[in-house]
Amino acid sequence: MGDYEEETAFLGQKGPFFIVVFLLLNVIYISTGFHSFYIVFAGASPSHSCRVLDGNLSKEWINASIPIEEMNGKLEPSKCWRYNLDTIKHLATVGYNFVDVNLTKVSKERCADGWNYSTEIYHSTIVSEWDLVCEREWRVPFASSTLYMGYLLGSLVSGQLSDRFGRKKVLFVSLASESLVIFAQSFSQSWLVFCTLYFFVGAFQISLYITAFVLGTEVLSKSFRVLFTTLGAFLHYCIGYMLLPWIAFAIRDWRTLLRVLSGLTLAYIPLWWFIPESPRWLISQGRIEEAEAIVKEAAKRNKVTAPEVIFKVKVASSHMKKYSMIDVVKTSNICCTTFMCLLLWMAINIGYFGLSLNTSNLLGNPFLNCFLSAVTEVPAYIIATVLLKNCPRRPLLSAFLSIGGGFLLLIQLIPDSLHTLALSLEMAGKFGFTMSFTVVYIYTAEIYPTVLRNLGIGMCSSAARIGSITAPYVIFLGTFNKYLPYILMGSLTIGSSLANIFLPETFGRVLPETVEQMQKCKGCHKRDVPVVEGGKKVILQEEKL
């Protein structure tokens, strides 16, 4: 085919058609904000202690049967142990007053009768329903990780499906499937069923996110495309993220919360009749008439006249080289660049998703904490977008990473009495990670040449998924020491900012088209290598780290 931009230039850069598609695709992104973090509330762990099933014991003896333990420098009732119940019963029957007995010498036992959960904040969560505490506490971060495991599958499959069946079909099938799976998840009768369904929620959600992104870039005009890919998708995702804690605040039961979120997603299905298929994809499939019909309808809405024949067919070259994943690590320069990018994407995702999932563990109101975590992303996206237009990528990313990691490392120095300051530092760290998230997408796309760009970003996206799968376990380390997750995330981020120094600068440079045009990673140089060709010694240059 000819050049699509030139052949559809008569549509203009603005107009009702582009405005409607732009707004509707952005509205769909609100649903992704709903579904990304509902595990923060569905999987929250309410205050709990061992249940004592004995009606003959007084309330005072029942309270005394729970040992006092030191947790994060504070004395709190034990969540996993109680004093031996038979001993407590004997002491109470004999007539001892619990104040006069040294209970610390009494043997301890596990919570054989289950746990009592506070309903002050959450009426019901998967933790309180299936007793995911103490020796089964690891099941909560695993449940969170299954969403990101689904992300990994969806990232690998969605592109191939949308290339084969079309952007629009995959978008709305993913949307409907995600809604139905969340609805089914609300009826889960076990932790295993919940995790299995959550895996498919992740697969359908990332498929929805990627496909909508591709559809927008292919349908929208250049001016709307830039706005959509930089601010539109990210900000509307944030809107959904900000609305989530208020919905969860109104609905304290996890099953009802999931059903409401599922119903809100189904409301998007009628948009099928308003969002068109990608004309570019139709052309790639040889469906020229359908593509022209969509463009002519766009011309009608924009009140411009379309030519009789819009797309001109020309013979495509069949001699183009096919590239594979091997080419992304083939030479030392590309291998070095790829390794640095993988490290950056993984570190940023661990920090971003770790802090997002940690809001229910912070002091204060968990709903307000989640809202504040979402709000910090709005100025971060806006500021990062503005700076990207005027600043070099490498120092910009290093600065944002240092902000994110540096503030997290400072949290351990804050006394417990200043929890508001500690919360502010965490939000500042989230601000840095969000800006890093925005920059690394653009930076990576500018580093790789056109022939490897899709493969390079795909490999980095897979590394990002590994980082997000790891994030819940990093937060789980807080059960052993509350500062450990911050130290780990902060150190990893600072380390990745040092690795960023070795990447080439791309600001103000023309995007590379071929591997030969790709900039060299700092630290790579060339050395002469003698090679014998036709009986003669020829000096070639080989890249070396």
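This is a predicted model: local features need pLDDT of at least 70, side-chain atom pairs count only at pLDDT 80 or more; totals for chains, interfaces and linings use all residues.
**Stop 1: Leu-227**

Select Leu-227, which is found in helix H10, spanning residues 222-250. With a relative accessibility of 38%, Leu-227 counts as partly exposed, because that class lies between the 20% limit for buried and the 50% limit for exposed. Display its surroundings next: leaving aside residues up to four places away in sequence, Leu-227 touches Phe-22 and Gly-232. Thr-385 and Leu-227 are separated by 158 residues in sequence, and their C-alpha atoms are 9.8 Å apart in space.

**Stop 2: helices H2 and H10**

Keep H10 in view and select helix H2, residues 16-36. The axes of the two helices are 6 Å apart, and the helices pack at an angle of about 40 degrees. H2 and H10 are therefore oblique to each other. Their crossing is right-handed. What is the make-up of the contact of H2 with H10 in nonpolar, polar and charged residues? Colouring by residue class shows 18 nonpolar and 7 polar residues, with no charged ones.

**Stop 3**

Begin with Arg-255 and Glu-129, whose closest N and O atoms are 2.4 Å apart. Arg-255 belongs to helix H11 (residues 254-266) and Glu-129 to helix H6 (residues 126-130), so this pair ties together parts that are 126 residues apart in sequence. Arg-255 counts as buried, at 11% relative accessibility, whereas Glu-129 is partly exposed, at 33% relative accessible area.

Proceed to Arg-167 and Glu-218, a salt bridge in which the closest N and O atoms are 2.9 Å apart. Here Arg-167 is in helix H8 (residues 167-185) and Glu-218 in helix H9 (residues 191-219), so the link ties together parts 51 residues apart in sequence. Are Arg-167 and Glu-218 buried or exposed? Both Arg-167 and Glu-218 are buried.

**Stop 4**

Select Glu-297 and Arg-301, whose side chains meet in a salt bridge with an N to O distance of 3.4 Å. Both residues lie in helix H13 (residues 288-301), 4 residues apart, or about one turn of the helix. Glu-297 is partly exposed, with a relative accessible area of 34%, and Arg-301 is partly exposed at 33%.

**Stop 5: a network**

Finally, select Arg-82, Glu-109 and Asp-113 together; these residues are linked in a network of salt bridges.

Conventions: Residues are numbered from 1 along each chain as its sequence is written. Side-chain values use heavy atoms; hydrogens and water are left out. Buried means under 20% relative accessible area, exposed over 50%, partly exposed in between (1.4 Å probe, protein chains only). Contact means heavy atoms within 4.5 Å. Axes are lines fitted to C-alpha atoms, for helices over the stretch in contact, and angles run from 0 to 180 degrees between N-to-C directions. Angles under 35 degrees count as roughly parallel, over 145 as roughly antiparallel, 65 to 115 as roughly perpendicular and the rest as oblique. A crossing is left-handed if the near helix is turned anticlockwise from the far one by less than a right angle, and right-handed if clockwise. Ala, Val, Leu, Ile, Met, Phe, Trp, Tyr, Cys and Pro count as nonpolar, Asp, Glu, Lys and Arg as charged, and the others, Gly among them, as polar. A salt bridge is a side-chain nitrogen of Lys or Arg within 4 Å of a carboxyl oxygen of Asp or Glu.
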